[in-house]
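Student: I have a model open on my screen and would like to learn how to read a few of its features. Could you walk me through them?

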Amino acid sequence: MALPETLSVAQARRITLAAQGFTDPKPGGATDMRHLRRVLRRVHLIQMDSVNVLQRAHFMPLYSRLGPYPVELLERAAYRKPRELFEFWGHEASLITTDLQPLFRWRMERAADYAWGGMVRIAKEQPELIERVLAVVRDRGPITAAQIEHDEPKRTDHWGWNWSSVKQALEWLFFTGQVTASERTTSFARRYDLPERVLPYAVLNAPTPHPQDAFRALVELSARAVGVGAEAELRDYFRLPVDGFKRAVAELIEDKVLLPVQVKGWKAPAYLHHEAKLPRRVTASTLISPFDPLVWERNRTERLFGMNYRIEIYVPAAQRLYGYYVLPFLLGDELAARVDLKADRKAGELLVPAAWLEPGADQEETAAALAAELHRLAGWLGLERIAVPERGDFAGPLAAALKGVA
């Protein structure tokens with residue numbers, strides 16, 4: 001059935017949730033690699049972040065779409081052969097499906113244009129350092145930056161490197177694709193190795209597309225992943241350069257891969273992927289990580305869900321509105337609440353520093369659903385108890401609902 005040329009915000013919301021995998025059935029039994037691949041085919045990449053107040057960021061999008069699953073599945077896909085994911089700069093630091101690696105070679109080849117200060121400066125000013133660090137990885141990889149810094153200065157021909165410069169050199173080599181991440185340590189540090197010892201042969205030997213062909217492919221994938229979106233979020237998904245992005249959008253419109261649509265209340269023009277689906281309803285009930293692709297683009301989150309959502313990790317405590325690590329709660333096709341969470345692993349307790357109800361959400365229904373979700377999350381994290389919510393306009397109703405679920 002053809003989709004209308006003018007969409008309501010509710011329709012755009014349901015299209016987005018379907019595109020992101022929130023209408024796919026959750027595993028009826030044990031979660032396996034097939035389920036993980038299904039999510040990855042939807043989102044294409046998963047953002048990484050070092051914050052571990054609740055759970056590492058890259059584990060959460062799969063939980064939101066699959067429910068409790070063994071995190072070893074994602075570890076296996078990313079860091080065991082045959083690799084199905086590789087680390088690179090896709091949308092910030094990301095785990096990206098390996099079949100897309102050729103589409104990012106333009107970024108590797110033009111690293112001087114896209115990488116940031118320290119690593120570019122090291123590459124320009126100390127090319128001999130880059131070569132020496134690459135030689136160490138070649139000889140001793142997989143290896144961390146700390147191992148190189150700690151071990152290499154013991155050599156008699158030490159030539160004045162330190163952890164900072166070694167790390168910058170490794171990041172340059174990583175950005176240019178000369179090394180890649182073999183695995184992560186328990187402290188989340190990368191172990192670097194040569195791509196030919198990490199990535200599948202078929203990926204490494206795939207032809208390198210022309211940059212404009214790569215831009216076109218990536219815009220199509222981003223449109224497929226968001227379902228319907230304005231140019232800002234289509235470009236933001238893979239952080240594409242303006243010129244190549246604009247041309248790719250024009251080509252995809254001409255080929256009817258992207259269909260211009262109007263979303264009521266949106267000022268910017270919107271584009272619908274030609275294979276997007278509009279479900280009649282969405283029955284989701286799950287927490288969404290601050291680093292989930294559903295809420296990457298905060299302006300889009302406000303236009304779609306009416307939620308002014310910001311992560312407040314770097315905001316001084318006294319100035320935070322909602323809390324340190326706040327997750328939106330998706331109920332049906334609405335973001336019905338937001339809850340500040342922390343895993344106290346030593347005490348085996350899921351802490352709830354704050355809980356807030358969104359305007360228009362049903363208090364009783366939302367409290368019951370969120371209480372059930374917090375119990376699922378705590379079980380997945382291996383936590384035995386859920387603390388009483390401490391503050392927020394939803395703390396009382398949620399506390400009562402948690403007693404009912406316990």
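This is a predicted model: local features need pLDDT of at least 70, side-chain atom pairs count only at pLDDT 80 or more; totals for chains, interfaces and linings use all residues.

Student: Which residue forms a salt bridge with glutamate 251?

Tutor: In general, side chains of opposite charge can pair when their charged atoms come close. Here the partner of glutamate 251 is arginine 216, with 3.7 Å between the closest N and O atoms.

Student: How many salt bridges does a search of the whole structure find?

Tutor: The search finds 28. In one of them, arginine 184 meets glutamate 87 at 2.8 Å, N to O. Because arginine 184 belongs to strand 5 and glutamate 87 to strand 3, this pair ties together parts 97 residues apart in sequence. Glutamate 87 is buried, with 2% relative accessibility.

Student: And the sheet: in what order do the 4 strands run?

Tutor: Strands of a sheet pair through backbone hydrogen bonds, either parallel or antiparallel. This open sheet has the order 1-8-9-7, with mixed pairing. Strands 1 and 7 are at the edges with a single partner strand each, so one side of each lacks a neighbour in the sheet. Strand 7 pairs with strand 9 in the antiparallel sense over 3 bridges, and glycine 229 stands opposite tyrosine 271.

Conventions:
Residues are numbered from 1 along each chain as its sequence is written. Side-chain values use heavy atoms; hydrogens and water are left out. Two strands pair if DSSP finds at least two bridges between them. Helices (H or I, at least four residues) and strands (E, at least two) are DSSP runs, numbered from the N terminus. A salt bridge is a side-chain nitrogen of Lys or Arg within 4 Å of a carboxyl oxygen of Asp or Glu. Buried means under 20% relative accessible area, exposed over 50%, partly exposed in between (1.4 Å probe, protein chains only).
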